[in-house]
Amino acid sequence: DWSSNHIWLHKQPLSLWLITGSFAVFGVHEWSLRLPSILLSTLSILFTYWIAWYCFKKKHIALLAAFFHAIHGLSIELAAGRVATDHVDTIFAFWVSLGMFLAYRFFEVRAKAWMVLLIGCCTGLAILTKWLPGLLILAVWGTIAWSLSANGATSRWTWRSTFGYGLIIGLLALGIAAPWQWYTLATFPAEAQYELAYNRLHLFEALEGHAHPWWFHFDRLRINYGELVYLPILWFTWQTINDARKGVFSQLPLLVWFWLPYLIFSVAATKMQAYTLIAAPAIFIVTAQFWYVLRKQLPTSRYPWIIRLCLIALIVLPVRFCIERVKPLQNHRTPPEWVTIRKQLPQTLNHPTDSVLLFDDNHPIETMFYTGFTAYPYTPDESTLERLRAQSYYLYQQKSNNYIKLE
């Protein structure tokens, strides 16, 4: 049971290491837990700006793409820990965004060799955060290299050079991500093998109640990015395919960045909304480009009011969803009563932290965070309770918002 195991290998460790580092520096608080996600998700906005600039060489498109990223409600919710897969997906999206920025930058500065090392490191760190979808960085890097070669932009990108650089990136990523896999398999073989098998099951079985139709992620696009998001995506897809027929492949990497994760996670049986967060910067960039292309049609359009309406809606709808998700007018500073009770629990019980067990707790993980006590969402049988008493544990059971000692 991944939500209860003492040895916890359900996710790759990097996001937890960053949070632990924040605890070590700032102490154990809610804000120090969220600090890595807040800092890294904010930096990701900057990467969206620079990637958009590399794609189109237009600051106004880059600024609008960064704006869409900055007001993205789902990203804000995840960084704040409000919805499922929160910090893992936020930090994972950061490494992917950084890797994509470095991939585009690599070709912009004429292939500096040291940047290959950075791209490989980012890919490895992405894998060490949320496993193999981190290879999306390598896929987009390879697409950029191929598109440049196909466009005849440079003679540097032969199949041999592309394969050589790609191999270095892959080996670096393997060197960063593999040691943890070897360590866990050697040290916790039962748990590690179970979790590896469980990861594979996500592709073939709808786990933990996350069964949704194949179009789930495409349906969530309208909720996470605004109802009109389909217009820029379909337009950009058509435009890129049309350009490819003419031998122009410059925008193909953006198309791969969006469609590859959306297709893979649509085929997978287990579906959650944040799985496709790594494609979000591509959506922001495509939407920003579409907005300015649409605006250029105003002077010659027969129906300018339709274009104006679309231009307004493309901005207002994402802002609306941001407000609905973030709820800026609500009071988020006053904690719920159950949080206050748990913060006071160490003083109320006044026992050594490692000698207290709490049962029937309706917020066991949060209880352990605030108190240091061990908490379970159930009460074991009487024989287990007797054995625990014999080992000098203090046993308590939650009743409403109180904890009653089990005599």
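**Overall build**

Among contacts between residues at least 6 apart in sequence, 68% join residues at least 24 apart. The model is predicted. Its secondary structure comes to 17 helices and 4 strands.

- The protein has 407 residues, and 46% of them count as buried.
- Along the principal axes, the C-alpha atoms fill a box of roughly 80 × 50 × 40 Å.

**Helix pair H3 and H13**

- Helix H3 spans residues 59–70, and helix H13 spans residues 280–296.
- The two helices pack with their axes 8 Å apart, at an angle of about 130 degrees.
- H3 and H13 are therefore oblique to each other.
- Their crossing is right-handed.
- On the H3 side, the contact residues are His60, Ile61, Leu64, Ala65, Phe68 and His69.
- On the H13 side, they are Pro281, Phe284, Ile285, Thr287, Ala288, Gln289, Trp291 and Tyr292.
- The residues of this contact divide into 10 nonpolar, 4 polar and no charged.

**Cysteines**

- How many disulfides does a search of the whole structure find? The search finds 0.
- A disulfide is a covalent bond between the sulfur atoms of two cysteines.
- For Cys55, the closest cysteine sulfur is in Cys122, 17 Å away, which is too far for a bond. The cut-off for a disulfide is a sulfur pair within 2.5 Å.
- Is Cys55 buried or exposed? Cys55 is buried, because its relative accessible area is 15%, and buried means under 20%.
- Cys322 also counts as buried, at 12% relative accessibility.

Note on methods:
Residues are numbered from 1 along each chain as its sequence is written. This is a predicted model: local features need pLDDT of at least 70, side-chain atom pairs count only at pLDDT 80 or more; totals for chains, interfaces and linings use all residues. Side-chain values use heavy atoms; hydrogens and water are left out. Axes are lines fitted to C-alpha atoms, for helices over the stretch in contact, and angles run from 0 to 180 degrees between N-to-C directions. Angles under 35 degrees count as roughly parallel, over 145 as roughly antiparallel, 65 to 115 as roughly perpendicular and the rest as oblique. A crossing is left-handed if the near helix is turned anticlockwise from the far one by less than a right angle, and right-handed if clockwise. Contact means heavy atoms within 4.5 Å. Ala, Val, Leu, Ile, Met, Phe, Trp, Tyr, Cys and Pro count as nonpolar, Asp, Glu, Lys and Arg as charged, and the others, Gly among them, as polar. Buried means under 20% relative accessible area, exposed over 50%, partly exposed in between (1.4 Å probe, protein chains only).
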